[in-house]
Amino acid sequence: QVQLVESGGGSVQAGGSLRLSCAASGYIGCTPLMSWHRQAPGKEREFVSSIEIDGSTSYTDSVKGRFTISLDIAKNTVYLQMNSLKPEDTAMYYCKTEPLRCGTRVYGTVWGQGTQATVSS
């Protein structure tokens, strides 16, 4: 059974940094496309960043130059280094994996439970 476990959230002041981790377990012999999303109170969940196996990355405009996504394939773990944090970055951050066919196995979309990041001014 596939499972995503996030960690690394916390409370920091504006300008500070946090590093989020998301470990994926249950994938046998494959690494899925992994991404980060966030949801602030009263707002819809939004895309933050994604990374593919070849290292290609994508970021939403509001975090470009401040956030960096990386992937440890051996550990099936994706990281989100968040620097120069702003109060508007305050949200629950969720890890997500995309559907994947790996040999005879088919994996669906999976969401983690979320980790809270709070940035005070």
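Author: Start with Lys86. Leaving aside residues up to four places away in sequence, Lys86 touches Arg66 and Val119. This is a predicted model, where local features need pLDDT of at least 70, side-chain atom pairs count only at pLDDT 80 or more, and totals for chains, interfaces and linings use all residues. Residues are numbered from 1 along each chain as its sequence is written, and side-chain values use heavy atoms, with hydrogens and water left out.

Reader: What makes a touch count as a contact?

Author: Contact means heavy atoms within 4.5 Å. Lys86 meets that with Arg66 and Val119.

Reader: Why is Lys86 called partly exposed?

Author: Its relative accessibility is 35%. Buried means under 20% relative accessible area, exposed means over 50%, and partly exposed lies in between (1.4 Å probe, protein chains only). Lys86 therefore counts as partly exposed. Lys86 sits in the loop between strand 8 (77-82) and strand 9.

Reader: What else lies in that loop between strand 8 and strand 9?

Author: Ser84 does. Ser84 has a relative accessible area of 41%, so it is partly exposed. Its phi is positive, about 50 degrees, although Ser84 is not a glycine.

Reader: Where is Asn76 found, and is Asn76 buried or exposed?

Author: Asn76 is in the loop between strand 7 (67-72) and strand 8. Its relative accessible area is 8%, so Asn76 is buried. Phi of Asn76 is near 50 degrees, a positive value in a residue other than glycine.

Reader: How do you know what counts as a strand?

Author: Strands (E, at least two residues) and helices (H or I, at least four) are DSSP runs, numbered from the N terminus. The protein has zero helices and 13 strands.

Reader: Why is the protein called as compact as a globular protein of that length?

Author: Compare two values. The radius of gyration is taken over C-alpha atoms, and the globule rule is 2.2 Å times the number of residues to the power 0.38. The protein's radius is 14 Å, close to the 14 Å the rule gives for 121 residues, so the description holds. Of the 121 residues, 44% count as buried.

Reader: How many aromatic pairs are there?

Author: The count comes to two. Rings of Phe, Tyr and Trp (its six-membered ring) pair if their centres lie within 6.5 Å; planes under 30 degrees apart are stacked, over 60 edge-to-face, and the rest tilted. Tyr27 and Tyr107 lie 4.7 Å centre to centre, with 50 degrees between the planes, and form a tilted pair. This pair links distant parts of the chain, 80 residues apart: Tyr27 is in the loop between strand 3 (18-25) and strand 4 (34-39), and Tyr107 is in strand 11 (residues 105-107).

Reader: Why are Tyr27 and Tyr107 called buried?

Author: Tyr27 has a relative accessible area of 9%, so it is buried. Tyr107 is at 9% relative accessibility, so it counts as buried.

Reader: What makes the pair of Tyr94 and Trp111 edge-to-face?

Author: The planes stand 85 degrees apart, and the centres are 6.4 Å apart. An angle over 60 degrees counts as edge-to-face. Tyr94 is in strand 9 (residues 91-97) and Trp111 in strand 12 (residues 110-111), 17 residues apart. Tyr94 is buried at 13% relative accessibility, whereas Trp111 is partly exposed at 35%.

Reader: How do you know that the charged end of Arg45 sits over the ring of Trp111?

Author: The rule asks for NZ of Lys or CZ of Arg within 6 Å of the ring centre and within 35 degrees of the ring normal. The charged end of Arg45 is 4.5 Å from the centre of the Trp111 ring and sits over it. The charged end of Arg19 likewise sits over the ring of Tyr79, 4.1 Å from its centre.
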